[in-house]
Amino acid sequence: MSDVFDRVVGQEQAVAHLRAAARAPVHAYLLVGPPGTGRRTAAAALAAALLCPRGGCGECDVCLRVTAGAHPDVAVVEREGAFLGIDQAREIRRLAMRTPNEGSRKVLVIPDFHLAQDAVPALLKVVEEPPPSTVFVILADHVSPELVTIASRCVRIDFGPLPVALVVATLVADGVDPGVAADVAEASGGRLDRARLLASDPGFAARRATWQSVPSRLDGTGATVAVLAAELVDLLGTAAVAPLTSRHTDEVSAMEERVKRSGERGSGRKVLTDRHRRELRRLRTDELRYGLATLAALYRDALVQRRVDAAAGVAGLDALQQVAENLIHNPSETLLLQALLLRLPPLRAMARGSSAP
């Protein structure tokens with residue numbers, strides 16, 4: 001029988017726990033796993049199942065509004081900066097104390113909780129002992145030492161990374177050409193959400209080729225670095241923007257149809273607008289992470305094939321790792337890339353007929 005959890009791909013064990021949770025809910029759930037593993041989809045499905053009179057049928061008005069982000073008893077509190085701050089913690093506490101609008105229960109979804117840091121002490125009490133009508137669904141990439149105390153107050157459900165083969169199979173089932181599916185699945189790092197965007201992005205192959213060309217174009221000069229950095233920043237603004245914008249347009253149209261039928265109240269217009277803005281911003285970061293991963297793979301291969309001095313190659317990989325970790329601070333893309341490219345050594349072309357040792 002179809003239900004809201006059918007949209008969660010490749011997480012059978014997690015879904016089994018979520019179905020059980022919907023039947024006998026407790027006050028807080030912690031969904032832990034890498035980005036792109038279906039946690040957000042699962043959080044929406046759990047919220048729908050908790051509010052739906054039929055336990056998450058996927059077809060009723062409640063389920064449709066929850067999955068569309070338009071139900072007044074489901075609140076998603078997103079971080080506004082690099083970290084989930086004190087202001088968001090206060091908003092979470094305020095929302096937790098509110099009476100549900102339509103039924104006897106409300107759901108608070110908190111993404112990116114691994115970035116809570118200073119907000120954790122302010123949230124401990126309300127997560128530990130929320131009002132009986134409130135259920136927390138907390139999403140985190142990992143459980144850092146700062147989160148252990150709150151994690152111990154939640155039912156933890158783990159989400160594993162999706163195998164590339166599963167992403168390929170899912171894309172092919174969606175109607176994507178098998179060759180395209182294989183390419184974008186590998187580029188997505190096993191993230192189904194990103195793979196689906198890349199599969200409908202005609203510029204993906206050209207962007208991949210540009211990133212792959214960078215090490216051979218470096219010549220140690222600042223002028224070349226400036227040109228390359230500007231070129232790569234321009235690419236970030238084109239990465240899968242068209243398919244994402246098309247999806248956003250469809251979602252706005254669906255919302256406008258709901259407004260015509262039911263009125264503006266509870267339409268979720270602001271939530272939708274804010275989510276679209278975050279997704280566009282995240283798209284740039286995802287593309288930059290992909291570019292850094294592409295460069296790292298090239299330098300690892302070059303070290304194996306002895307096409308780069310060992311010390312310089314290792315230093316380049318260290319620089320790439322450092323930049324990837326610093327992305328959380330939302331640095332200037334141009335300055336970040338310029339500083340990185342100045343530290344990367346050029347790669348010699350592989351000699352014809354040579355092979356890795």
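**View 1. Surroundings of His248 in the predicted model.** Leaving aside neighbours within four places in sequence, His248 is in contact (heavy atoms within 4.5 Å) with His276, Glu279 and Leu280. His248 lies in helix H12, residues 241–262; helices are DSSP runs of H or I with at least four residues, numbered from the N terminus. The residue is buried, at a relative accessible area of 6%, where buried means under 20% with a 1.4 Å probe and protein chains only. The model is predicted, so local features need pLDDT of at least 70 and side-chain atom pairs count only at pLDDT 80 or more, whereas totals for chains, interfaces and linings use all residues. Residues are numbered from 1 along each chain as its sequence is written, and side-chain values use heavy atoms, with hydrogens and water left out.

**View 2. Surroundings of Gln88.** Helix H4 (residues 86–97) contains Gln88. Gln88 is buried, and its relative accessible area is 6%. Not counting residues up to four places away in sequence, Gln88 touches Val77, Glu78, Arg79, Glu80 and Phe83.

**View 3. The largest nonpolar core.** A nonpolar core is a set of buried Ala, Val, Leu, Ile, Met, Phe, Trp, Tyr and Cys residues joined through side-chain atoms within 4.5 Å. The largest one has 46 residues, of which Leu320 and Leu341 touch the most other members. Helices that each supply at least two residues of this core include H7 (164–173), H11 (222–236) and H15 (333–343). Its largest share, 8 residues, comes from H13.

**View 4. Contacts of Leu341.** Beyond its neighbours within four places in sequence, Leu341 is in contact with Val214, Leu218, Val225, Leu228, Ala229 and Leu232.

Definitions and conventions: Buried means under 20% relative accessible area, exposed over 50%, partly exposed in between (1.4 Å probe, protein chains only).
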